[in-house]
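Take a look at the strands and charged pairs here. A brisk report follows the display.

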Amino acid sequence: MNDSQGSRSQQVVRRIGFVSPFAWIIVLGSLSSLSTECDARPPNFVLILADDLGYGDLGCYGNPVRTPQLDRLAQQGIRFTDFHSNGTMCTPTRAALLTGRYQQRFGNEFEGPLSGATQRSLGLPLRAVTIAEALKPLGYATAMYGKWHLGYQAPFLPTRQGFDHFVGLTAGDGDHHTHIDRWGHEDWWQNEQLQAESGYTAELITKHSCTFIEQHRERPFLLYVAHLGIHFPWQGPKDPPHRVKGVNYANDKWGRLKDNSNVRPHVQSMIQSLDQSVGTIIEKLRALELHENTLVLFLSDNGGYLSYGKTHNNISSNGKLRGQKGQLYEGGHRVPAIAYWPGRIQPAVRDDTLITCDILPTFIDLATEQPGAPFESDGISFAPVLQGAKIQLDRNLFWRDNGSYAVRRREWKLVTYQGQPPQLFNLLQNPNERFNLSKQHPQQVRELTDAYLIWTATVTSERQ
């Protein structure tokens, strides 16, 4: 890294930082086994985000149907058992993942999915510093392929938030074959222009990802692969297309299913397609001899749907966890997560409690050549975890959705739905959240409630 790059990286760190009693100040310690001392450039990052993939949907997380590519990654890398999304829906997690900050700092509209019917003029504020903008001053090429869902039109597009290349959809869902969104709009973009492209969404995302890797193999890169699968419409590669331009599918958004009571066969074919995509990207890295200098991080944006109202059932799996997508129980936000970096991280199963806003500080930690500099974020760097270290994470984590909220501190979790008494769970003893201990531990309830009130006042005041 030259002097100008070092200066720019320090500026980026200052831009990301903010003053908050909840910010974790991370001192970047020695990461010798993860450093690029044998390479002339920083590591590459491939961040693969699945959509609505449940905690129990992969073979390596207990599903009887194997997912060979992801199972192999988990066997050769780190499989996390206590990794969480910042939200229980699409938009919230994506905002936090890309910025390293709680999504509530950008407005209440980021607590739920941005609506293509009523919120097409909104988007992630340009003042937000994304992971792409943080890495570009360090010399990184950046690209995103797949689902954005942080703005439907300019200026709220990936190309305005640090990504050199973007191909994909801006809405929360689209027909996997025709690329028509829920409201009947064409939704397949090439940078900032609508540009139709034939093919199944997962296969197109994979194709563009591999092309980007090929074209940028001579420099460090950030590749954000944001799959639409397994989000509805539930369509595998061999399922028929559903949507056509100009028709509103708000009340018919699920796809053409043989049996609404058993959606699983369609979802399973989508999971297989997702698994194959990951395998193809890994093979491209290996073919170009980039795999030993590339951290691949795979995770989901929230938990899976078990059912959708009274109309659709047997969709996804969250294993033994309680709840599903859209809920504050573990099934709504504990997600599968796998880190793979051959030769740099040792195979392991880790139970560290981590969250998606931890990803940005981790990537900056690994990319910088200036260890020891202070770094502030809502998240923390888990680079030492990748090295095999045990780090003490004595912090509060928060989830909030339209006034209902959850707070986690170590093994204790408080869930409070509006109009209902608080529920307190000990996740170490009862990970499936079946036993409410609020009456037995009123002090824990008070402390977690007070922590939430302070936190919510802080994130609200920042945007005023």
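The sections below cover a sheet, one of its residues and several salt bridges in this predicted model.

## The sheet

Four strands form an open sheet in the order β16-β17-β18-β19, with antiparallel pairing. Its edge strands are β16 (396–401) and β19, and each pairs on one side only. From one strand to the next, the twist averages 15 degrees.

Strands β17 (residues 404–409) and β18 (residues 412–416) are joined in the antiparallel sense over five bridges. R408 stands opposite K413 of β18.

L424 lies in β19, which spans residues 423–426. L424 counts as buried because its relative accessibility is 0%, and the cut-off for buried is under 20%. Its contacts beyond four places in sequence include W412, K413, L414, F435 and L448.

R434 is ten residues from L424 in sequence; their C-alpha atoms are 9.9 Å apart.

## Salt bridges

The structure holds 28 salt bridges. One of them joins D82 to R408, with the closest N and O atoms 2.9 Å apart. This pair links distant parts of the chain: D82 sits in strand β3 (residues 78–84) and R408 in β17, 326 residues apart. D82 is buried at 6% relative accessibility. R408 is buried too, with a relative accessible area of 6%.

A network of salt bridges links D82, E330, R334, R408, K413 and E433.

## Two further pairs

E192 and R160 meet in a salt bridge at 2.6 Å, N to O. E192 is partly exposed at 28% relative accessibility, and R160 is partly exposed at 38%.

R350 and D352 form a salt bridge with closest N and O atoms 2.8 Å apart. Both R350 and D352 are buried.

How values were computed: Residues are numbered from 1 along each chain as its sequence is written. This is a predicted model: local features need pLDDT of at least 70, side-chain atom pairs count only at pLDDT 80 or more; totals for chains, interfaces and linings use all residues. Side-chain values use heavy atoms; hydrogens and water are left out. Helices (H or I, at least four residues) and strands (E, at least two) are DSSP runs, numbered from the N terminus. Buried means under 20% relative accessible area, exposed over 50%, partly exposed in between (1.4 Å probe, protein chains only). Contact means heavy atoms within 4.5 Å. Two strands pair if DSSP finds at least two bridges between them. Axes are lines fitted to C-alpha atoms, for helices over the stretch in contact, and angles run from 0 to 180 degrees between N-to-C directions. A salt bridge is a side-chain nitrogen of Lys or Arg within 4 Å of a carboxyl oxygen of Asp or Glu.
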